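The structure is shown first.

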Amino acid sequence: MTTTIKTDVVVAGAGGTGLAAAHAAAEQGLQVLVLEKQAQIGGNTKISSGFFAIDSNEQRAKGLQLSKAEAVNQLTTYNHNLANGPLIHRIVDTAADTLAWLEELGMTIKLNDTAKTTQFAHRDNPYQGGAYHMYQNKPESYARIQAKLENESVQFKFGVTLTDLRQTAAGKIIGVSATDVDGTSFNVDAQATVIATGGFGGDREKVAHTMHTKALRTLGVPNMGEGLQAMVKAGAEDIDGTALIHAAQLAKSTVTQKTSAEHLAGFSHTALTQLLLTPLFWVNGAGQRFTNEDVVYDTVNWANAGWSVGGQYYFVVDQATLDSFTKNGGALEVSQAGPGADTEPGDFTALANASVAAGTAFKGATLTELAAKVGMVPATLTAAVKTYNQAVATKTDTTFSKSAASLVYPVNVGPFYAFTAQVAYLGTVGGVRVDENLCVLDQQFRPIPGLFTGGANAGGYYEGHSYPAYEGLASGFAWTSGRLAGTSAAKFIAQNTTEEA
């Protein structure tokens, strides 16, 4: 016989979305059960570095006068008005309050200085770089959050995987079915259900299908999309679930899922990252230049450019460029976007040859030989190099308008090297259609009674394969949408109780 647990609110997932939802419901005096597949709280939110909020206490203390309306305008404009305007407004309007609420819950916050942002393209934009509230002392902060929730009588069950939503014939959600770490199934009866399972980043086949490429590299907690699938089965519509593509990595490099002292997820300890993170000469698999390489100074635009050519590209350098980096670290500003660069000195020729031996880079005495080894079209590569060298000589890029300051290194002194770079993704974002209260909507835009979601399962905050290049946006959305989902779940229960009375 299947065991049944009764509670007021069941929350599937203990990342930022689930934790916020649980706290919001518990504040209303409700009994909350949180089911988490991993052995600890945090999910992908724990890997993230900061929280996007406008008009926060921290910003005011520094004299920053930022407009919520302008932030909403910038986000909707970036999304080409394809996103959910009321949802964006609700999130931006409540994010600062949610941040203060999160600090009361136990998270330590430090506002990022725009001038010191690792996203160099954001230095002059306080909305992109100055709205980033950095998480501090995360292990201690998350421990305080868990203790606070447990003191509120929130119950956690770890090692539990959501298998389905429980639904009446009339369509109302009345709880979930789940399986524990031993494979034992059980049911949860609940008056309201919040799905906060964190997307489908662990399902590589679905990610490859959604993103139309198998070349992407993954970082983050391997969420398999259980919550998203269950909601769609219950009548929801997946409108924009997609990979959260995030910068690029050297092929086959060893990276960490922890953030470094500089808050850089995916940091790789090799001096070759200085080549990866400078605007050198980039080409696609055919040998054709495809973007203004200055995008390397913005994590999102960098990833987008790499994705546009299938998620894998090559940066091509000559021996003179390697010699310059060996001698003095090169003449270009090294980006710290995305994974960040290891800026320690190195013998770049030795490192390049080691990469060739490892199969992650290619070497040719001539450009024709290099192209043949990579599998590029020789005539395409040589023509691209010729055009690029002319741009460097004249300091004018007539193809993609790259800045003169970045037009430093021609490609004309052999041997030549091509290094493989692959776009990375940190889980997924987007998902089912919701309203501004994070109620899940069916295909007729009607709320599915008793069902709420947020974070990486809620659609409408982004336009599709990209997300706005505003630091901390996804993490801030996770906490804020979770809080709204938990609050809406409590209101739903109160309303139903009143109606039944």
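## Asp442 and Arg446

In this predicted model, Asp442 has a relative accessibility of 12% and therefore counts as buried, the cut-off being under 20%. Its side chain meets that of Arg446 in a salt bridge, at 3.1 Å from N to O. Arg446 is partly exposed, with a relative accessible area of 47%.

## Other salt bridges

The structure holds 12 salt bridges. One of them joins the side chains of Asp189 and Arg166 at 2.1 Å, N to O. This pair links distant parts of the chain, with Asp189 in strand S9 and Arg166 in strand S7, 23 residues apart. Arg166 is partly exposed, at 22% relative accessible area.

The side chains of Glu293 and Lys402 also form a salt bridge (3.1 Å, N to O). Glu293 sits in the loop between strand S12 and helix H9, and Lys402 in the loop between helix H13 and strand S15, so the pair ties together parts that are 109 residues apart in sequence. Both Glu293 and Lys402 are buried.

## Helix H7

Helix H7 spans residues 226-233, and its buried residues are Glu226, Gly227, Leu228, Ala230 and Met231. They pack against helix H6 and against strands S7, S9, S16 and S17. Just after H7, Gly235 has a positive phi of about 115°.

## Confidence

The protein chain has a mean pLDDT of 93, and 96% of its residues reach 70 or more. Over residues 256-265 the pLDDT is below 50, although this stretch has 28 contacts in the model beyond near neighbours in sequence. Where pLDDT is low, predicted coordinates should not be read in detail.

Technical notes:
Residues numbered from 1 in each chain as written. Predicted model: local features only at pLDDT ≥ 70, side-chain atom pairs only at ≥ 80, totals over all residues. Heavy atoms only, no water. Buried < 20%, exposed > 50% of the residue type's maximum accessible area, 1.4 Å probe, protein only. Helix = DSSP H or I, 4+ residues; strand = E, 2+ residues; numbered from the N terminus. Contact = heavy atoms within 4.5 Å. pLDDT = per-residue confidence, 0-100. Salt bridge = Lys/Arg side-chain N within 4 Å of Asp/Glu carboxyl O.
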